[in-house]
Number of protein chains: 2
Amino acid sequence: MQLGEGVEWALHAVVVLAVVPSDSTLPAARLAEYHGVPPAYLAKHLQALSQAGIVESVAGRRGGYRLARPAAAITVLDVVQAVEGSAPAFRCTEIRQRGPAAVASREYRAPCSITKVMRAAEAAWREQLASVSVLDLVIEVAGAASPVAIRKSSAWMQEVVR
Amino acid sequence: MQLGEGVEWALHAVVVLAVVPSDSTLPAARLAEYHGVPPAYLAKHLQALSQAGIVESVAGRRGGYRLARPAAAITVLDVVQAVEGSAPAFRCTEIRQRGPAAVASREYRAPCSITKVMRAAEAAWREQLASVSVLDLVIEVAGAASPVAIRKSSAWMQEVVR
DNA sequence: GTCCCTATACTCGGATAGCAAGTGTCCGAGTATAGGCGG
DNA sequence: CCGCCTATACTCGGACACTTGCTATCCGAGTATAGGGAC
C-alpha cells in the first residue's frame, strides 16, 4: 500500500493557503516554487482540490487559489480523499463465492468477515484524519517551526501575495 | 491509495489453512482452486507469507503449506504486512526543507507536523488490524456462514487434505 | 518377509513478460487588468 | 479630465507521453514417496 506523492504536496499547499488573506489569491506556480516541486504536476492536484470544493480558483490576471472554506472547517481527511479518491483501500472481490465449495449467492447474506475487519481499520484511519483540521495543522506547524523559518516564510509571502 | 489484490487472497488462504490439521499440509494449487484464483499468482503471495514466518512450507510429494504458529498468535496485521510490506503508506519527502523559504537543515529538528498526523492515523489502522487474530476470523467466518456452505467446505477439505 | 535402492511425481521457489495506474508535462480556453483613445 | 474599448499577459483546466509497481505466468531445484528388487 502506498499513498500518492500528491497527498503530501496537497497538505502542505493547503497549510500555506490557510495563511493567505482571504481576499487574496496565490497562483499554483508560486506554491510550487515555495515547495520546490514541479509546477505542472502540483497544478494537477490543485485541480482535484478545486473540484472537491476545498480550494477555489480565481481566473485571470491576478488569479490563483484560495481556501473555499475556513481552515477550521477543512479536515485532513477532506484533503486526502480529494487527492487520493474516497474508494476503500481494501477491495473485496467476494472470492468466497467462487471455487468448488461455493453455494448459492443467496446464502451469502452476511457480509464477508474479512472485509468487515479491513473496513473497520480503514474507518479508524479516516476517523483520525478527520479529527485534525487544517487550522490545527497551521497552529502545530507554526508552533514547531523555528523563528527564523517563520520570518523567512512571512517575507516570501509578503513578496508574492497580491 | 489501494491495497494489492493479494491481501484479500492471503487473508482467505490463512483462514483456510487455520482449519487444516496441524500435522497435514495443503498445496498452493488446492488453495487456489478453492478460491478460484490463478494458482501461480497465489503461490507468489504464499511465498511472502512463508518468508514472513506466518506459514511454513513442506516440500516433496505430500508437501504443501500449513500455519507456522497457532492461529491465535497470528494477527491480521501480520498477514497484511507480510504481503504488502511494512513501509508507511504516507511518504514524507521533507518538502518543507526545499524552496525559497527554506532555512538550514538543523532548524528542522521537530518532525514534520503533517507527517505526524498521517503516521498517527496509520498507527490507528495497524492497531485495529493487530487486535484481530486469525483465530478470531475463523470463529467469525464459521459463525456467519450458512450451514450448507460449511458442510460443502468440510467435504471439500476431507477430499484434499492428506 | 524385510530392508534397501532407485525412479517418479509432486511440491515449493525464484526469475521472467504484460499491463494499469501513478508521475510528469504540455498547450489551449478564459478572464481581469492596464494602457490607449475618444469624447 | 473621465469613460470606454481593445490588446495583453497571466491564470486555470483538461488532454497527452513516460515510468514505476502491481498482475500474471512459467520453468527449474529439491524432496518424500511408492514400487521393485535383492537378501
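Hi everyone, let's start with a meeting of helices: A:His45, A:Ala48 and A:Leu49 in helix 3 of chain A touch A:Val79, A:Ala82 and A:Val83 in helix 4 of chain A. Contact here means heavy atoms within 4.5 Å, and helices are DSSP runs of H or I with at least four residues, numbered from the N terminus. The residues of this contact split into five nonpolar, one polar and no charged. In that scheme, Ala, Val, Leu, Ile, Met, Phe, Trp, Tyr, Cys and Pro count as nonpolar, Asp, Glu, Lys and Arg as charged, and the others, Gly among them, as polar.

A quick word on the model: it is predicted, local features need pLDDT of at least 70, and side-chain atom pairs count only at pLDDT 80 or more, while totals for chains, interfaces and linings use all residues. Residues are numbered from 1 along each chain as its sequence is written, chains are lettered from A in the order in which they are written, and side-chain values use heavy atoms, leaving out hydrogens and water.

Finally, look at the phosphate oxygens of DNA strand D. One is 3.2 Å from a polar side-chain atom of A:Gln51, and a phosphate oxygen also lies 3.2 Å from a polar backbone atom of A:Ala28. For A:Arg91, an N or O atom in the side chain is 3.3 Å from a phosphate oxygen.

Methods. Helix = DSSP H or I, 4+ residues; strand = E, 2+ residues; numbered from the N terminus. Polar contact = N/O pair within 3.5 Å; in protein donor to acceptor, adjacent residues only side chain to side chain.
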